[in-house]
Structures are given as structure tokens and as C-alpha cells.
Amino acid sequence: MSEFKEKLPPIVMQVGHIVKSFFRYYKLSAKYNNGVKLVNQRKNDKKTMIFLINFPQAWKSVKSIYDEAVKHDDLNVLVFAVPQLKAGEDDSIDIAGRKNDAYEFFRGTDVDAIKANTEDGRWLDLRDYNPDYVIYIRSYNQYAPTMYKSYNVCQFAKCFYVPYAYGMLGDKMLSIVLPENFTFTMHKIFFANDSRRVAYAKEQPFYRKALTDRFRFLGFSRFDFCPKADPNRDYNKRNLTVAWMPRWATDDKPDQKPSHFMAFYKQFLEYFETHSDMNLIIRPHPLMFSSYISNGIMTEDEVNAFKDRCKNAPNIEIDENKDYTCTLTDSDILVADYTSLIAEFFMMGKPIIYCDSADGLNDEGSKICALAYMGENFDQITANIDLIMSGRDDLYDLRKSLIKELLPSKTGEIGKKIFEEIIND
């Protein structure tokens, strides 16, 4: 069947996609419209807002919205901690025994989260809580239990999406980041940067132009927590701390920008083991080690040996905490493959050594990475570390100027603005 499709003319494939999209849109729009109508008909004195969290690393994306919501006594605010499934996984098996990283994350905070998978082997039904607003931070229904997939929840609540990442990749990634079975069910989609909102709106076919009224840009809420740039860092008065953030994808995945972990990790260890005046924090992508093991790139023994070597070095640590904020705050320099966290580190005014190309970046991403030091090989990485450590951060003023251009003037209140847009809808 796949061979037959490959022989079809491109115009036939394009028309076929439009037809499928047309029927998917109207099928999901019926569910969406029923949900909106149901919410609008409710006469509850106290409305309910639910945050669905199945990726705790992205909690900061909605924290400033949550912080604003809990200030309102007339609003019932709930946080559901949901296990993250594998794509296509049967969610009816071993419900009680499923690992719930989000719930474990919230146990160490002041957020009284509700565990979505009960001890007696059930998924809690959101409908029992009569939610008016349900907030998503991931746009991938395939990783959510059936009961919490957006095309089911939108039938009884207004659903909103707050992105977990700042969009730095080009237009071809939009349909991957925002698949139709999610987008069509959202009451509002809040984009992290306006160019992504404009580009995604342009992609909408004629029959669903009304959908673009639900696309909004009010700023990236995680920028609410970015410390301001410090131009007076003196690296000679303390140990310099470098954060290294390698990606998880490899060269055999053409739709992903690749990781340089395998090319550099031995050199990173050797360099910092012999430079005790510097600290290294390694924060791999959450999927990296598991992906490498499952794809045969590293064995489990090799991964464990790497972790042991880091543990035995007094100035090297692997950061696998769910909250990445401490790593960004504690670091003086970021060395990274492509990651959306580059944008947050950049907004702190700190120098970045970029180990990737500008291929596939959008306008904001290109501007940010153009003001990074390049790290095409390890010698170039260490040369730039030495340069910055000596006090030569020649790109600082240019970064400061771009920060003013990209950051909204109301940084610190972005979550509040998004909250008000939701509640006043």
C-alpha cells in the first residue's frame, strides 16, 4: 500500500490530505461545539479550572497561570497528575501500578495535585469535577490516557493549550507540534511567539479559517521566571559553571536535529576532570538515555558507566530533576545542541555555545543562534569557554539588544494575561 502511495502524483496526495483533514475537522468540531455549548449553559456559582500535567518538566509553562488562578476565591483550581504513556499503549492495563512522574514531582511542592490513576485501578473521570476550563501543556494525544485525550475532554469542557516550548523551528514543524486531532479541539491555543501564530494561521485551508480566531499570542509564560541579565559577572572570583544540554535524536532521524552527545561526551568528561576550577552540569533531554538504549546506540551498562564516572567527579553532575530552572540559573555558559531551552537561557543574557546549524530555524531562532558562539567541534567549544572565562563576552551587548526586541514589556505578567484571557472568554 505504501509503495502504491509513493507512485501517486503529488497533487493527488495533496487533495487526499485535504479531504481527510476536512472530514476530521468537521467530526471534531461537532464534539468541540457541543462542549462549548454545555459549558456556556452551566449556571455554577464557582467555575472549575483543571491543569492536566503529564510532563512535569513543563510545569513552569503554566505555573504563572496557576499562581494567578489560585488567587481567585470564586474559582476551583485543580491539578491532575497524569502518567505519560507510550504511543499506542493500552491504558487499561495495570492502571494502579503505572509510574506517575508528575505526581511524584508535585509531592515535593506546595501544589496539592490529584493522582489521575487511583490505587484501586481506575482513571479518575474529569466529568465528575464539572470542569469549565482544562489546560493542556502537551499537544500530543498519543501520550495521554484515552480519558484525557483532548478530543474526549473537549466534549464537556473548554480546552486551552499553553505551549511547553518556545518555537524556534521553521514552518514544516508546525503540523508535527500541533497535530489536527489536538488543534481542532482547542478553544484557544496560546503561541509562544507571534511568528508561529501567523505561520500556523496561514496553513489553515479555506474551510477552517474560523479556527484562526482561536490562535492567540500574549507572550511565552515561562519567560515570567527568567532572571534579568547580569552584566557584572566576574568569573575570576569563583568557579565557572558550564551547562551542557545534548539532544536525544540521532543522525538516523532525518526529521530531527541530531544530538552531539556521542561525539563529545568522552571529551567533556576528560576536559572537566582535568579542570577542577570549573563545574559541569549535564542535563540530557529526558528521552535521551532511554532512546539510546532502545535504539542500540548505547547499552545500559555504558549508560550506567557514564553516570558513575560523572558521580565520581567532584565537579561534574548529571541533572535529571524535573525542573530545569536551577540548571539555567546556576550556569554561566550553556553548551547545547538545538533545544527550546536556548531561548530561556538567552533571555537571561548569558552566553551560549551552539553545537548545531541554523538550518530549519525560524526568524526568532535564527536571530538568537546568530548571537551564540559556535561549537562545531570540541576544540572550538573549549576555546570559547576559555575566551568567556577570561572576560571576553563580545556578544553581550548584541544579546541585550535582541532581548529587548523579543521579550514582551509585561514580562512577569504573561501568565496573568493568559489567565484573564481564559477566564473572561
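In which hand does α14 pass α16? The crossing of α14 over α16 is left-handed, a term used if the near helix is turned anticlockwise from the far one by less than a right angle, with right-handed used if clockwise.

First, the background. This is a predicted model, in which local features need pLDDT of at least 70 and side-chain atom pairs count only at pLDDT 80 or more, while totals for chains, interfaces and linings use all residues. Residues are numbered from 1 along each chain as its sequence is written, and side-chain values use heavy atoms, with hydrogens and water left out.

Helices (H or I, at least four residues) and strands (E, at least two) are DSSP runs, numbered from the N terminus. Two packed helices are described by the angle between their axes and the distance between the axes. Axes are lines fitted to C-alpha atoms, for helices over the stretch in contact, and angles run from 0 to 180 degrees between N-to-C directions.

Helix α14 covers residues 363-370 and helix α16 residues 396-406; they pack at about 160°, axes 10 Å apart. That makes α14 roughly antiparallel to α16 (angles under 35 degrees count as roughly parallel, over 145 as roughly antiparallel, 65 to 115 as roughly perpendicular and the rest as oblique). In α14, Glu364, Lys367 and Ile368 meet Leu402, Glu405 and Leu406 of α16, where contact means heavy atoms within 4.5 Å.

Next, the rings. Rings of Phe, Tyr and Trp (its six-membered ring) pair if their centres lie within 6.5 Å; planes under 30 degrees apart count as stacked, over 60 as edge-to-face and the rest as tilted. How many aromatic pairs does this rule give? The count is 39. Phenylalanine 51 and tryptophan 59 have ring centres 6.5 Å apart and planes at 75°, so they are edge-to-face. Tryptophan 244 and phenylalanine 261, with centres 5.5 Å apart and planes at 15°, are stacked. This second pair links distant parts of the chain, 17 residues apart: tryptophan 244 is in strand β8 (residues 240-245) and phenylalanine 261 in helix α9 (residues 261-273). Both tryptophan 244 and phenylalanine 261 are buried (under 20% relative accessible area, against exposed over 50% and partly exposed in between, with a 1.4 Å probe and protein chains only).
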